[in-house]
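Got your viewer open and a selection tool ready? Let's take a short walk, one selection at a time.

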Amino acid sequence: MHVKTLLFIAAFALVSACSSNKKLDENLTETELYQQAQTDLEKENFSSAAKKLKALETRYPFGRYAEQAQLDLIYAQYKSSEPEAARASADRFMRLNPANPNVDYALYIKGLTSFEQDRGILSRFLPLDMTKRDPGSARDSYNQFAQLTSRYPNSQYAPDAKQRMIYLRNLLAAQEAYVGYYYLKREAYVASLNRGQYIVENFQGTPAVADGLALMTESYQHLTLNDLAANSLATLKLNYPDHPSLASGEFKPLVKEEETRNWLSKATLGLIDSKHDTRPVQTQASKDMLNQYQDAVDALPPELYSEDMELQKPKRSWLNRLTFGLFK
């Protein structure tokens, strides 16, 4: 069902792109061009509307629809999934019309554009973990919504912006925790400690504070700073007794340091480890390829095999089969 939906969307986008290549009549008046753009917006043909609104701005920069066309263009580009263009248009509107009563709207759409930039069309069909994505767009969106609520606290868009800011703050804190646990697994304990402290100091009130305290506790333990570890653990137990790291009231480390880990592995945060199994993980795709290869082998006539080949056949590794003998 998802594949069919994606194919439909792709076909619709292709048809829309072809239809949007039609040239605009140069004899259209300002009112006619604006009315056509409004019709496109009502029909949700946002790419065509954006094209006409840009033409309206170019042909009639000082006309009676100029400011409204700039606002409509921001919206059309946002709905057309053109985030960079929408933000640029919003910045341009605010620069050219600083006293316009709709500046708050431009700020709001700018924040929305950044908010949804990491949530492409695939996110509707694929389970994406936002805590593992680049936090750049989330941070930009938070700052833009913060600017809106600070400059225009009574704006009709302020309540929604505040709710989105709560989500974004929780998301940014969770992303910091994810990075902290990554450092912890790599035995970069000072780096994981710094991430935990940053969460506790800058994201109070978010669920990730508990993770920050757990990061601090475990990092201090590995660094043999026992007093500091005890303080962090006491704070964790007092405020977050149900945290997963606490089992029966005792702290359960998430990562255990390997005693046999060599100095090169520690110096490179685990990126280089002579004892690490570097063989590729067998994914579903590789399994499918192996099955297809084995089916082809089984379909060969018996006379094509020699006795030696039959004896060696069971001893071939999956990597050897997958690479058709290039690797043993």
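Which residues touch the most other members of the largest nonpolar core? Select Ile74, Tyr108, Ile109, Phe145 and Leu236: those are the ones, out of 47 residues in that core. A nonpolar core here is a set of buried Ala, Val, Leu, Ile, Met, Phe, Trp, Tyr and Cys residues joined through side-chain atoms within 4.5 Å. Buried means under 20% relative accessible area and exposed over 50%, with partly exposed in between (1.4 Å probe, protein chains only).

Before moving on: this is a predicted model, where local features need pLDDT of at least 70, side-chain atom pairs count only at pLDDT 80 or more, and totals for chains, interfaces and linings use all residues. Residues are numbered from 1 along each chain as its sequence is written, and side-chain values use heavy atoms, with hydrogens and water left out.

Next, color the helices (DSSP runs of H or I, at least four residues, numbered from the N terminus). α4 (66-79), α5 (83-96), α6 (103-115), α7 (136-151), α8, α9, α10 and α11 each give this core at least two residues. With 9 residues, α8 makes the largest contribution.

Now zoom in on Phe145. Leaving out residues up to four places away in sequence, its contacts (heavy atoms within 4.5 Å) are Tyr108, Gly111, Leu112, Phe115, Ala161, Arg164, Met165 and Leu168.

Last stop: two loops. Between α8 (158-185) and α9 (189-202) sits Glu187, a non-glycine with a positive phi of about 65 degrees. Glu187 counts as buried because its relative accessibility is 13%. Then pick Thr224, in the loop between α10 (208-222) and α11 (226-239). Thr224 also has a positive phi, about 55 degrees, without being a glycine, but at 58% relative accessibility Thr224 counts as exposed.
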